[in-house]
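Trainee: Please walk me through reading a fold, one feature at a time.

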Amino acid sequence: MSDTSCLFCRIVDGEIPATIVAETAFAIAFRDIAPKAPVHVLVIPRRHIGSLSEATDAAELGELAMLAADVARQEGIAESGYRVVTNVGEDGGQSVGHLHWHVLGGRALGWPPG
Ligand code: AMP
């Protein structure tokens, strides 16, 4: 179920190019176009889910989390450490309305976020 108006659905469908670094039957991972850290990969479900607030399937969320950890290992940041975060809604800073986990690493990350 893709939403033709959704940027990330269009990446899933191959209509918009992206640098895909990993994929499963359920999810894909691709490099963020405006990286905020030396490693910045987005992990998204292939099917359209607007945000974490709209997720209904714990197994799907588990697959996304496992893929995020796989990406971190693949990108060589599992030992040094990394952050996995999903922004939700306006105050969360979400700018694309398709659930995505940011995988960030390759430098020390500040906390708390601004
Ligand atoms: P968020 O602001 O949490 O919704 O995250 C959306 C992310 O998508 C941002 O980090 C953007 O840089 C990234 N982004 C937007 N358009 C693209 C694109 N065409 N390819 C890859 N990443 C993108």
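Mentor: Ground rules come before features. This is a predicted model, in which local features need pLDDT of at least 70, side-chain atom pairs count only at pLDDT 80 or more, and totals for chains, interfaces and linings use all residues. Residues are numbered from 1 along each chain as its sequence is written, and side-chain values use heavy atoms, with hydrogens and water left out.

Trainee: In what order do the strands of the open sheet run?

Mentor: Strands of a sheet pair through backbone hydrogen bonds, either parallel or antiparallel. Here strands are DSSP runs of E, at least two residues long, helices are runs of H or I of at least four, and both are numbered from the N terminus. Two strands pair if DSSP finds at least two bridges between them. In this model 5 strands form an open sheet in the order E1-E2-E3-E5-E4, with antiparallel pairing. The edge strands are E1 (20–23) and E4, each pairing on one side only. From one strand to the next, the twist averages 20°. For angles like this, axes are lines fitted to C-alpha atoms, for helices over the stretch in contact, and values run from 0 to 180 degrees between N-to-C directions.

Trainee: How many bridges join E2 to E3?

Mentor: There are 5 bridges between E2 and E3, which run antiparallel. Alanine 29 stands opposite valine 43 in E3, and arginine 31 has valine 41 in E3 as its bridge partner. On the other pairing, E1 and E2 are joined antiparallel over 3 bridges. Glutamate 23 stands opposite isoleucine 28 in E2. E1 and E2 form a hairpin, with 3 residues between them.

Trainee: Which residue stands opposite leucine 104 on the E4 side, where E4 and E5 pair?

Mentor: Arginine 83 stands opposite leucine 104 in E5. E4 and E5 pair in the antiparallel sense over 4 bridges. Strand E3 (residues 39–45) also pairs antiparallel with E5, over 5 bridges. There, histidine 40 stands opposite leucine 104.

Trainee: Why is E5 described as largely enclosed?

Mentor: In a regular strand the side chains alternate between the two faces of the sheet. Check burial on each face. Buried means under 20% relative accessible area, exposed over 50%, and partly exposed in between (1.4 Å probe, protein chains only). In E5, 5 of the 5 residues are buried, so the strand is largely enclosed by the rest of the structure. Trp101, Val103 and Gly105 are buried on one side, His102 and Leu104 on the other. E2 is mostly covered, with 4 of its 5 residues buried. Isoleucine 44, in strand E3, is buried at a relative accessible area of 0%.

Trainee: How many aromatic pairs does a search of the whole structure find?

Mentor: A pair of aromatic rings is described by the distance of the centres and the angle of the planes. Rings of Phe, Tyr and Trp (its six-membered ring) pair if their centres lie within 6.5 Å; planes under 30 degrees apart count as stacked, over 60 as edge-to-face and the rest as tilted. The search finds 1 aromatic pair. The rings of phenylalanine 8 and phenylalanine 30 have centres 5.4 Å apart and planes at 80°, so the pair is edge-to-face. It links distant parts of the chain: phenylalanine 8 is in helix H1 and phenylalanine 30 in strand E2, 22 residues apart. Phenylalanine 8 counts as buried at 5% relative accessibility, and phenylalanine 30 is buried at 2%.

Trainee: How many residues line the largest pocket?

Mentor: Rolling a probe the size of a water molecule over the atoms shows where empty space is left. On a 1 Å grid over the protein atoms alone, a cavity is a set of points where a 1.4 Å probe fits but cannot get out; a pocket is an open set with protein on both sides within 12 Å along at least five of seven lines, and lining residues have an atom within 4 Å of a point. The largest pocket is lined by 29 residues, with Asp32, Lys36, Leu42, His100 and His102 nearest its centre. Helix H1 (7–12), strand E2 (27–31), strand E4 (82–85) and strand E5 (101–105) each supply at least two lining residues. H1 gives the largest share, 3 residues.

Trainee: Which peptide bond is cis?

Mentor: The bond from tryptophan 111 to proline 112 is cis, with omega near 0°. Proline 112 lies in the segment after E5.
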